Amino acid sequence: MRTQLRDFCGYRAGDKGDTSDVALFAYDDAGYELILREVTAERVKEHFGSLVRGEVVRYEAANVRALNFVLRGALGGGGPRSLRSDNLGKSLGGALVRMEIDVLDRSVTPARRPRPDVSWADTIIAARVG
Amino acid sequence: MPDRAIRLGGGQGFYGDSPRAVQGLLDAGIDYLCLEALAELTLAILQKDRARDESLGYTRDLPRYLSAAIPAVLDGRTKIVTNAGGINPRAAAHAAVETAKQLGVSGLKIATVLGDDLMARLPDVQASTASALANVETGAAFSSMGGDALFFSAYLGAFPIAEALAQGADIVITGRVADAALFLGPLIYEFGWARNDWDRLAAGVLVGHLLECSGQVAGGNFSGEWWTVPEPWKLPYPIAEVTADGTAIITKPVASGGRVDVDTVRHQLLYEVHDPAAYLSPDVVADFTSAQLTDLGDDRVEVRDVRGTPATDTYKALLAYPAGWSGETRIAFSWPDAEEKARALTAIFMKRVELADLTVDEWEVEFWGVNALGGDTVPPTDAEAPEVVARVSWRCADQRTAAAVGRELVPLALGGPPAGMTGIGRGGAGPSELLGIWPTLVDKQLVDPGVTVTLEEI
């Protein structure tokens with residue numbers, strides 16, 4: 001079975017110079033084991049293609065069921081120098097969870113994330129837009 | 001040493017953050033209001049300010065924050081620690097004095113921490129420091145930096161802040177210090193933590209790291225069930241209740257929106273840390289993977305058992321250099337064939353620039369609505385985009401050329417692909433200056449003798 005990381009992972013990206021840090025958060029032990037096995041530095045490097053020119057290093061934080069990926073040469077030269085509209089790479093977390101992985105063992109069912117319900121936002125907007 | 005918890009508030013996460021949530025922190029009661037104003041990008045902005053006017057170079061929203069918080073300082077309820085000094089802490093201190101005078105208050109002690117600015121000593125430091133100022137990200141030699149340095153600042157640690165508080169400061173203004181040092185400094189002062197008490201220092205760094213981005217630990221920029229965060233328009237700023245052993249509870253004012261739970265806290269725990277098992281700070285190497293997070297409910301998360309190891313003998317430092325000028329345009333195309341039209345327009349624009357003999361050193365082409373943000377991670381699709389925005393950016397050696405390139409777009413209003421261009425000129429605020437940033441390492445022994453704390457009473 002193939003599935004996207006977005007279905008069971010949280011994410012956040014930040015910047016330092018021309019380096020992007022992208023963290024990936026699993027929601028239970030099964031999910032953590034799955035990303036530990038499937039989301040290698042090599043796969044992440046391949047996934048980002050031309051967005052990341054340099055190496056990718058993976059770090060583990062088992063205490064919070066998370067992986068942190070350090071992407072070198074990922075920000076078009078660094079925030080104040082980059083021509084990209086997303087010069088700080090804030091969207092790279094979302095780009096990472098677009099990755100598809102194989103769930104080999106069907107007995108492993110990582111907790112799945114629900115999709116957003118923003119009906120409260122629709123209500124607010126509708127009351128203000130004719 | 002106090003046997004109660006010390007309450008720290010993270011009242012600012014960047015230059016331009018809103019002071020509105022600060023009142024919530026003051027109402028909830030905090031011993032220290034810590035205002036973190038400096039990203040890497042911010043120093044570049046401040047450098048441009050200082051180049052225009054020698055009395056600038058600090059974050060100019062400081063008076064707004066001080067106006068909100070000085071009444072609580074006068075009441076003895078809180079003290080303020082901020083790196084709003086940017087690359088000109090003396091000017092920030094002057095602005096603080098002026099703000100206090102305008103409020104008609106006296107009796108305030110304002111401390112200024114200097115010594116992070118190494119610009120005047122650049123050749124000497126470059127010759128003496130072990131790194132020779134090689135780029136710490138790429139390993140490139142300093143001689144390959146693409147222009148003359150505009151600023152050169154070391155990230156100082158927390159002990160000068162603790163020293164300022166020991167001298168009786170009500171408000172501590174620094175330049176470039178490690179973000180977390182704004183929070184660790186008060187803890188060192190209150191609890192008397194020693195320079196080699198690595199676990200305690202690591203705990204303080206972790207607390208600072210969690211609070212330094214204001215609302216980002218309390219439901220902001222949160223990828224979990226973000227749509228369920230209560231009243232996100234009233235996002236709170238965070239509070240840490242820290243005890244002498246380094247155990248902390250991360251929380252928020254009760255009367256606010258937002259959320260603090262293990263999920264929001266772990267999102268911030270790993271934010272921009274590189275190796276979470278060896279988070280490098282000036283005062284300690286902190287192991288964030290040793291931290292135990294426990295959800296206590298009611299927007300309270302306990303963080304304990306943080307481990308630290310000895311600090312390195314270098315400070316991180318940052319330089320910036322001029323890297324040319326950029327221009328940018330965004331042109332929207334509607335269905336049908338929106339993406340094809342956007343690509344054609346981009347090519348026509350590039351050819352026109354060449355025919356005008358204008359030199360562009362770098363182009364960046366993005367198609368919003370197709371793959372502008374996701375790049376190669378976006379799978380190809382046969383589906384036709386209902387609308388596409390071509391966003392084209394360029395880098396030139398000088399401001400005049402960058403502006404002239406933008407003007408080559410104008411005739412395409414009537415001369416490009418159908419149905420004409422929409423929204424031409426939007427986002428075209430004129431060229432802006434690009435700065436390259438150069439992270440490096442500097443031996444502490446070259447920096448520490450120049451670090452000073454001065455106290456001024458008004």
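Which residue lies over the face of A:Tyr27? B:Arg266 does, at 4.8 Å from the ring centre. A charge counts as sitting over a ring if NZ of Lys or CZ of Arg is within 6 Å of the ring centre and within 35 degrees of the ring normal. B:Lys316 likewise lies over the face of B:Tyr155, at 5.2 Å from the ring centre.

The model is predicted: local features need pLDDT of at least 70, side-chain atom pairs count only at pLDDT 80 or more, and totals for chains, interfaces and linings use all residues. Residues are numbered from 1 along each chain as its sequence is written, chains are lettered from A and ligands numbered from 1 in the order in which they are written, and side-chain values use heavy atoms, with hydrogens and water left out.

Chain B contains an open sheet of 10 strands. Helices (H or I, at least four residues) and strands (E, at least two) are DSSP runs, numbered from the N terminus. Two strands pair if DSSP finds at least two bridges between them. Strands of a sheet pair through backbone hydrogen bonds, either parallel or antiparallel. In this sheet the order is 11-12-8-7-1-2-3-6-4-18, and the pairing is mixed. Strand 11 (292-297) and strand 18 (452-457) of chain B stand at the edges. Each has a single partner strand, so one side of each is left without a neighbour in the sheet. From one strand to the next, the twist averages 20°. Strand 8 (residues 248-251) and strand 12 (residues 300-304) of chain B run antiparallel and are joined by 3 bridges. Here B:Ile250 stands opposite B:Val301.

Helices of chain B pack on the sheet. Contact means heavy atoms within 4.5 Å. Axes are lines fitted to C-alpha atoms, for helices over the stretch in contact, and angles run from 0 to 180 degrees between N-to-C directions. Helix 4 (residues 89-102) of chain B touches strand 4 (109-114), strand 6 (171-174) and strand 18 of chain B. Its direction makes about 170° with that of strand 4 of chain B. Helix 7 (residues 181-191) of chain B touches strands 1 (6-12), 2 (32-35), 3 (79-82), 6 and 7 of chain B. The direction of helix 7 makes about 160° with that of strand 1 of chain B.

Aromatic rings were examined next. Rings of Phe, Tyr and Trp (its six-membered ring) pair if their centres lie within 6.5 Å; planes under 30 degrees apart count as stacked, over 60 as edge-to-face and the rest as tilted. By this rule there are 8 aromatic pairs over all chains. In one of them, the ring centres of A:Trp120 and B:Trp233 are 6.1 Å apart and the planes stand at 55°, so the pair is tilted. A:Trp120 lies in helix 4 (residues 119-126) of chain A, and B:Trp233 in the loop between helix 8 (198-211) and strand 7 (239-242) of chain B, so the pair joins two chains. Buried means under 20% relative accessible area, exposed over 50%, and partly exposed in between (1.4 Å probe, protein chains only). A:Trp120 is partly exposed at 33%, and B:Trp233 is exposed at 53%.

B:Phe349 and B:Trp394 form an edge-to-face pair, 5.5 Å centre to centre, with 70° between the planes. This pair links distant parts of the chain: B:Phe349 is in helix 10 and B:Trp394 in strand 16 (residues 387-396) of chain B, 45 residues apart. B:Phe349 is buried, with a relative accessible area of 0%. B:Trp394 is also buried, at 3%. Together with B:Trp363, B:Phe349 and B:Trp394 form one aromatic cluster.

Some backbone angles stand out. Most residues other than glycine have a negative phi, and most peptide bonds are trans. A cis peptide bond joins B:Trp335 and B:Pro336, with omega about 5°. B:Pro336 is found in the loop between strand 14 (314-334) and helix 10 (338-355) of chain B. A:Arg65 has a positive phi, near 50°. A:Arg65 is in the loop between strand 4 (56-61) and strand 5 (66-71) of chain A, and is partly exposed at 30% relative accessible area. Phi of B:Ala132 is positive as well, near 55°. B:Ala132 is partly exposed, at 33% relative accessibility.

Finally, a disulfide is a pair of cysteine sulfur atoms within 2.5 Å. A search of the whole structure finds 0 disulfides over all chains.
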